[in-house]
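Hello,

Here is the structure I promised to pass on. My notes follow below it.

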Amino acid sequence: MRILVTGSKGFIAKNLIAELKSRGYSEIFEFSRQTDSTLLDEYCEKADFIYHLAGVNRPKEKAEFMKGNFEFTSILLKTLKKYNNNCPIMISSSTQAQLNNPYGVSKKSSEDLLFEYSKETRAKVLVYRLPNVFGKWCKPNYNSVIATYCHNISRNIPIAMNDSSIQLSLVYIDDLVTDLINALYGCENRVGEFCEIPVIHRITLGEIKDLIYSFKNSREEHSIPQMSDTFTKKLYSTYLSYLPKDQFSYDLKMNIDQRGSFTEFIKTADRGQVSVNISKPGITKGNHWHHTKNEKFLVVNGNGVIRFRNIDSEEVIEYFVSDEKLEVVDIPVGYTHNIENLGETNMVTIMWVNEVFNPEKPDTFYLEV
């Protein structure tokens, strides 16, 4: 299938084209302001499907709204008529098409032009009235508050906010791209004469700001956001894409002694925490038990033995572990336990515990195995 994408250098188009290519589509005609205008004829003659994503939303002069949105749409449709190409065409409009402002008027005019074109040619048209779209590769300090906040907060640049209670309707770029590709197969999400993205998030500006600041602070806290909330999950992915290139990494505090080290890696509000334990050769760690706290051990380097004993029994249970066969060992409550490095090199163990450590209630009691 030969696909024409206008506005190919834009935020939505870049994400769409990347996904199309990853799915094996190779004949993609990319058209932008930088493309030789004479190529539009060739593309319109050959295209089997068109994603019309070109548009103007932040011009220097108001007149540019009509030129960039309505007039280019008109040129595109006339070129298609020239070659009698009635292939399906999708256009990215805006919810502002319902408003009486220069941008909205230009978008509404483009919609009407496309509907008239469909009546005349019987070509299938898909008009997407999009709310705010967010995700990777969106230009900050332009027309996306989320892109701006992610970019600025990650760089300690102050952000402006006049009213934190303003509620936004938001579409995540991956959800949008999924529906746009579904449209290739005639499976777009239609609501009346328009197309809509099934998943829309509604959240206030203040809530967005607080979430993004929490993402920034999570590095110091060794925490990760609440991934069960779909908007938080998508916003966190977006935030990470705006990190400065020299700040992808961050340090962890290693608690080092003569036995090795213990380092907290990740803490969560409801899924416990993950740590990395390094034991030197011949070292035994542990010899304690818990009432409610439970753990999972995974040796990823070296070899050793994990020993258990029910505190009411003399029987010692042993599990020999090594990096040659990765296996998770559960640490049941009521069992005192330890782990000994039997090798000649450092043994590295990934440790998960079901709750973040609380110094006021450690639930840890010393007892030799």
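**Charges and rings**

The charged end of Lys139 sits over the ring of Tyr142, 4.8 Å from its centre. Here "over a ring" means that NZ of Lys or CZ of Arg is within 6 Å of the ring centre and within 35 degrees of the ring normal. Lys136 lies over the face of Trp137, also at 4.8 Å from the ring centre.

This is a predicted model: local features need pLDDT of at least 70, side-chain atom pairs count only at pLDDT 80 or more, and totals for chains, interfaces and linings use all residues. Residues are numbered from 1 along each chain as its sequence is written, and side-chain values use heavy atoms, without hydrogens and water.

**Aromatic pairs**

The whole structure holds 10 aromatic pairs. Rings of Phe, Tyr and Trp (its six-membered ring) pair if their centres lie within 6.5 Å; planes under 30 degrees apart count as stacked, over 60 as edge-to-face and the rest as tilted.

Phe31 and Phe72 are stacked, because their ring centres are 6.0 Å apart and their planes are at 10°. Phe31 is in strand β2 (residues 28-31) and Phe72 in helix α3 (residues 63-82), 41 residues apart. Helices (H or I, at least four residues) and strands (E, at least two) are DSSP runs, numbered from the N terminus. Phe31 is buried, at 7% relative accessible area. Phe72 is buried too, at 17%. Buried means under 20% relative accessible area, exposed over 50%, partly exposed in between (1.4 Å probe, protein chains only).

Phe134 and Tyr172 form a tilted pair, with centres 5.2 Å apart and planes at 45°. Ring pairs link Phe134, Tyr172 and Phe231 into a cluster.

Best wishes
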